[in-house]
Amino acid sequence: MAEVISVLSRKGGVGKTVTALYTAALLKRQERDVAVLDKDPEGSAGAWARAAGDLPFPIYPDGKAAQAMKHDWVVVDTPPNDPRALGDAARIARRVIVVAKCNALEADRLIPTLDALAASGFSGPWGILLTQARGGLGREMQLALEEEELPVYGVIPHLVKYEQAFGTLPEDLSEYRVALAEVLR
């Protein structure tokens, strides 16, 4: 049975697809048999793969989930604003990464995602990955969330390389490697 990591957020534009592809790239660097399951109807992960031309792991659309599940590891990229799809992705996962853009406005938008995760009945390990952090805000948000006893995997800085990563093979995995070390054990 596949080891499934679902990448969740009810909000669009927070970095779910980037996180899913970078997570898959990290697993591939560990020489693991990994695939990405693109559950987003917009097909962002699939579009990334088509633009890249060749990735070292396959990306399957939602209609080919059974094929994806034949791999040892599956990273699930989810759509925004669809609590049912988030719940479904959480129920098939052994681990969950909740992605939240790092700013004060987005912190409030984290609550609907956490509500969907709780409603799914998921009981495995999960944590929040703060993305697009500028200055010291990432560390401040991490501390505030941890004060509320919410698990935080780490902080990904706002860097041009992530904005320009679409359609390329993720190569510099350093920030994601550090932030997701606990997830990928």
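View 1. Lys-161 is partly exposed, with a relative accessibility of 25% (buried means under 20% relative accessible area, exposed over 50%, and partly exposed in between, using a 1.4 Å probe and protein chains only). The model is predicted: local features need pLDDT of at least 70, side-chain atom pairs count only at pLDDT 80 or more, and totals for chains, interfaces and linings use all residues. Residues are numbered from 1 along each chain as its sequence is written, and side-chain values use heavy atoms, with hydrogens and water left out. Asp-172 and Lys-161 form a salt bridge through their side chains, at 2.6 Å from N to O (a salt bridge is a side-chain nitrogen of Lys or Arg within 4 Å of a carboxyl oxygen of Asp or Glu). Helices (H or I, at least four residues) and strands (E, at least two) are DSSP runs, numbered from the N terminus. Asp-172 is also partly exposed, at 40% relative accessibility.

**View 2. Lys-161 and Glu-175.** Lys-161 also forms a salt bridge with Glu-175, where the closest N and O atoms are 2.8 Å apart. This pair links distant parts of the chain, with Lys-161 in helix H7 and Glu-175 in helix H8, 14 residues apart. The relative accessibility of Glu-175 is 22%, which means that Glu-175 counts as partly exposed.

View 3. Asp-88 and Arg-91 form a salt bridge, with 2.7 Å between the closest N and O atoms. Both residues lie in helix H4 (residues 83-92), and their spacing of 3 residues is about one turn of the helix. Asp-88 has a relative accessibility of 33% and therefore counts as partly exposed.

**View 4. A network of salt bridges.** Salt bridges link Glu-3, Arg-94 and Arg-95 in a network. The structure holds 6 salt bridges.

**View 5. Val-96 and its contacts.** Val-96 is in strand E5 (residues 95-101). With a relative accessible area of 0%, Val-96 is buried. Leaving aside residues up to four places away in sequence, Val-96 touches Ser-6, Leu-8, Ala-90, Leu-117, Phe-122, Pro-125, Trp-126, Gly-127 and Tyr-153 (contact means heavy atoms within 4.5 Å). Thr-168 is 72 residues from Val-96 along the chain, and the C-alpha atoms of the two are separated by 24 Å.
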